[in-house]
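Here is a short report on ring pairs, charges over rings and sheet layout. Start with the structure itself.

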Amino acid sequence: MGKVKISKKSTRIDMTAMCDVAFLLLSFFIMTATAKQPEPKPVDTPESTVIEKLPDEGVATITVGGKQVFFLMPREIRRGTLERMANIRNVSFTEEQYKEFENLEGFGVPINKLGSFLSLKPGDRVKEGVQEGIPYDSINNQLFDWVKQAREAQRQIYSDKFDEGTIDAEEFKVKGNLEIAIKGDANEEYPTIKRVMDILQDQKKNKFFLVTGLRNEDF
């Protein structure tokens, strides 16, 4: 009796579909990703063993380094804050400058120089010496105004949402209060940091975050 001949099947797996999916995913992540903007004032934060993450939203950051102060606020309140600052400081901005400010990750220039600063190319804004810091002395305390107007802009946004019924009273109480974080350089002199704290406390803002780097508990 003759042997039954079994046909051999190829063990090769067609990976074409898998490669297509991989390249589609790669293309998606590349096109939707946003490059991290360089900080206006890079600082080396002091080390700490405390592990407590900042809230993901609703936090404005004051960066302190070299006796200079820089301010970063959530995107949703940037335009409203600038409009308020323009009103109280009697400064005008173009629509294009407002749009540029909405995309600004952080800044450290006096309000009277902000217009020309916004007209610069993004790469030129982070060059050394371009940003001199926000004035925070007792005579020209612009940092006080920026923090105050940012807090009011935040409260106004969520007050409108509460009036519209899109959030409840408890959510308004939490999200309507703009949190503040101080990110100071480890080598910064204490009087500068204290001055920033005093500005917050002058606004009855007695609770704020201090940004630190994580260190090993053994050291």
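## A buried ring pair

This is a predicted model. Phe93 is buried, and Tyr98 is buried too. The two residues form an aromatic pair, with 5.9 Å from centre to centre and 70 degrees between the planes. That geometry is edge-to-face.

Tyr98 also has a charged residue over its ring. Arg79 lies over the face of Tyr98, 4.7 Å from the ring centre.

## A stacked pair between helices

A pair of aromatic rings is described by two quantities, the distance of the centres and the angle of the planes. For Phe162 and Phe172, the centres are 5.7 Å apart and the planes are at 25 degrees. Why does this pair count as stacked? Planes under 30 degrees apart count as stacked, so the 25 degrees between Phe162 and Phe172 put the pair in that class.

The pair links distant parts of the chain. Phe162 sits in helix α6 (residues 142–164), and Phe172 sits in helix α7 (residues 169–175). The two residues are 10 residues apart.

Phe172 has a relative accessible area of 16%, so Phe172 is buried.

## Other rings

The count of aromatic pairs comes to 5. Ring pairs also link Phe101, Phe107 and Trp146 into a cluster. Another arginine lies over a ring: Arg125 is over the face of Phe117, at 5.9 Å from the ring centre.

Four strands make an open sheet in the order β3-β2-β4-β5, and the pairing is mixed. Which strands stand at the edges? They are β3 (68–72) and β5 (209–210). Each has a single partner strand, so one side of each is left without a neighbour in the sheet.

Strand β4 (residues 179–184) and β5 run parallel, joined by 2 bridges. Ala181 stands opposite Phe209 in β5. Helix α6 packs on the sheet and touches β2 (59–65), β3 and β4. The direction of α6 makes about 15 degrees with that of β3.

## The whole chain

The secondary structure comes to 8 helices and 6 strands. From the N terminus on, the elements run α-β-β-β-α-α-α-α-α-α-β-α-β-β.

Of the 219 residues, 36% count as buried. The chain exposes about 14800 Å², and carbon and sulfur atoms supply 53% of that area. Among contacts with a separation of 6 or more, 69% are between residues 24 or more positions apart.

Note on methods: Residues numbered from 1 in each chain as written. Predicted model: local features only at pLDDT ≥ 70, side-chain atom pairs only at ≥ 80, totals over all residues. Heavy atoms only, no water. Phe/Tyr/Trp six-rings, centres within 6.5 Å; stacked < 30°, edge-to-face > 60°. Buried < 20%, exposed > 50% of the residue type's maximum accessible area, 1.4 Å probe, protein only. Lys NZ or Arg CZ within 6 Å of the ring centre and 35° of its normal. Contact = heavy atoms within 4.5 Å. Areas by Shrake-Rupley, 256 points an atom, 1.4 Å probe, with all protein chains shown as cover. Pairing = 2+ DSSP bridges. Axes fitted to C-alpha atoms, helices over the stretch in contact; angles between N-to-C directions.
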